[in-house]
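Subject: Structure handover

Hello,

Please find the structure below, followed by notes on what was found in it.

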Amino acid sequence: MHPTHFLIFLCLTLLAKAGRGDGGNDFLRTSTEGARGVPPLSTLAPEVRRPVDTVPLTTPRPKLEGCALPLDPKRENEKEVGYRLGTQRYSRLKFSTPRGKYKKRFDFRLEFKTRESEGILFYSSNRDHNHYAAVYLEEGKVVFTFKGEEAVIIKSRFIYNDDTWHIVEFNRDQGNGKLVINEQLAEGSAQNPIHLELNVPFYMGGVDPDEYNLVQANLNTTSSFTGCIRNIQMNSFQFEPSETFGVIPCSENVELGSYFSGDPNTYVKLKERFKVGEVFNLKMDIKPRVISGVLAAAHGKKDYYVLELHNGHLQLTVENGKGPVTASFTADSPDHKYHLCDGQWHTIQAVKSKNVITLSVDSMFTSPKIGPAHSTSTDTGSALFLGGHRLIKKVRGIQSRTPYVGCVRNVTINDERVDLTMLPSTLISGNVDIGYCPTN
Ligand SMILES: [Ca+2]
């Protein structure tokens, strides 16, 4: 256990035993507005903006209302900006529907940019992988190879891993191959016409990890491509992948995380059936675009656990069976009325130890709240929901009644990291971008 967590648990345990809220507070840094919720309305009157030189130094600047980031980010389509590969393991584009014929001759074109010197741009084979055609980077050079009874290998003269866009065209006509990069031609031929048996799917940017052994034997590499691919064509037709794996838009306006759109029925099930139990520690980084929304929730017949944003503060409500207890945290910020919505990342933590709960935002802890004694286990059995809830309007204990909108990253449950990119798609509902978030 992390030393800080141990301290919190120790403290909470002591408090639970003492049954009062004053002991042990000196262990904890308490925020000024701690558990007091929203400030009274009178403090919200708009301040009059005066010319800068007449403002006394002690006058605070008016706080910005609302969230720094817009509710709807400007969406950038992968088809327009390109596909970024390599931010997740096994990222690749899969093409199951060819455009035109490809048995005797084919013609592909794509644009790529990368800083890496190795990586598979294209791979296609027959079922046994003894026939194949591939394009990959080797020491920064582009290699185009195909093999039937014979193999043809064509290699570019120059290196192209300079993080700028390059156009690569590769075509094959029987035993003749051409590789054209930015209009620089390289050619190669076999002695005889090659009969090449290829099957869909074709891959770009990486291959199916189940086929690594066979691909390794052919190319002497299975390195996934790290960088961007765009404007893909097959036989002069636009060529769109049928499926993408671990791919994000090639945009300057994205960052790693998972984005919750807030559309109805949008949520992720972190666990299918989950018992919160006696001790539960949930931690994550959030960058919200709303002041209210469900962050995490689990329910039982009577018991429940709800972590949410409510009117700008972070709020945890736990029902162990004998009445709910709520902790809430309103952080102070010189610039933003809703500190959590200031467009920055915030690390939030909700710690539940028996009948005592506490919250932290960016390592500032609230005073612990103590629920009814002799009721210590949160006996939930539903899914552990993240970012929303299947029955968000109906289930008990939720105040915001609306899904979360914004980015989430670094989710840990009881100090164990949950990688959302590894969750089965059956646990993801609605409009969630797993693996990346817009930043605009
Ligand atoms: Ca209980």
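The largest nonpolar core has 101 residues, and Leu121, Val135, Val142 and Ala298 have the most contacts inside it. A nonpolar core here is a set of buried Ala, Val, Leu, Ile, Met, Phe, Trp, Tyr and Cys residues joined through C-beta atoms within 7 Å. Strand S5 gives this core its largest share, six residues. At least three residues come from each of domain 1 (11-39 + 255-438) and domain 2 (79-249); the domain bounds are taken from an automatic or database domain assignment.

The model is predicted: local features need pLDDT of at least 70 and side-chain atom pairs count only at pLDDT 80 or more, while totals for chains, interfaces and linings use all residues. Residue numbers start from 1 along each chain as its sequence is written.

Ala298, named above for its contacts in the core, touches Phe274, Val276, Tyr304, Tyr305, Thr380, Ser382, Ala383, Leu384 and Phe385, leaving out residues up to four places away in sequence. Contact means that the C-beta atoms of two residues, placed from the backbone, lie within 7 Å.

For the protein chain as a whole, there are three helices and 31 strands. Both are DSSP runs numbered from the N terminus: helices are H or I with at least four residues, strands are E with at least two. Of the 440 residues, 42% count as buried. Buried means that 20 or more other C-beta atoms lie within 10 Å of the residue's own, exposed means 12 or fewer, and partly exposed is in between, with C-beta atoms placed from the backbone. Among contacts between residues at least 6 apart in sequence, 74% join residues at least 24 apart.

Now the sheets. Two strands count as paired if DSSP finds at least two bridges between them.

Within this sheet, S5 (residues 132-138) and S6 are joined by seven bridges and run antiparallel. Tyr136 has Val143 in S6 as its bridge partner. The two strands form a hairpin with two residues between them, and Glu139 in the turn has a positive phi of about 50°. S6 (residues 141-147) is mostly covered, with five of its seven residues buried. On to S7 (residues 151-155), S6 has five bridges, again antiparallel, and the hairpin between them passes through three residues. Here Phe146 has Val152 in S7 as its bridge partner. Elsewhere in the sheet, three bridges join S2 (residues 92-95) to S11 (residues 199-204), and Leu93 stands opposite Met204.

Another open sheet, also of seven strands, has the order S22-S21-S20-S19-S27-S17-S30 and antiparallel pairing. S22 (324-329) and S30 (428-429) are its edge strands. S17 (residues 267-271) pairs with S30 over two bridges, and Val268 stands opposite Ile428.

Regards
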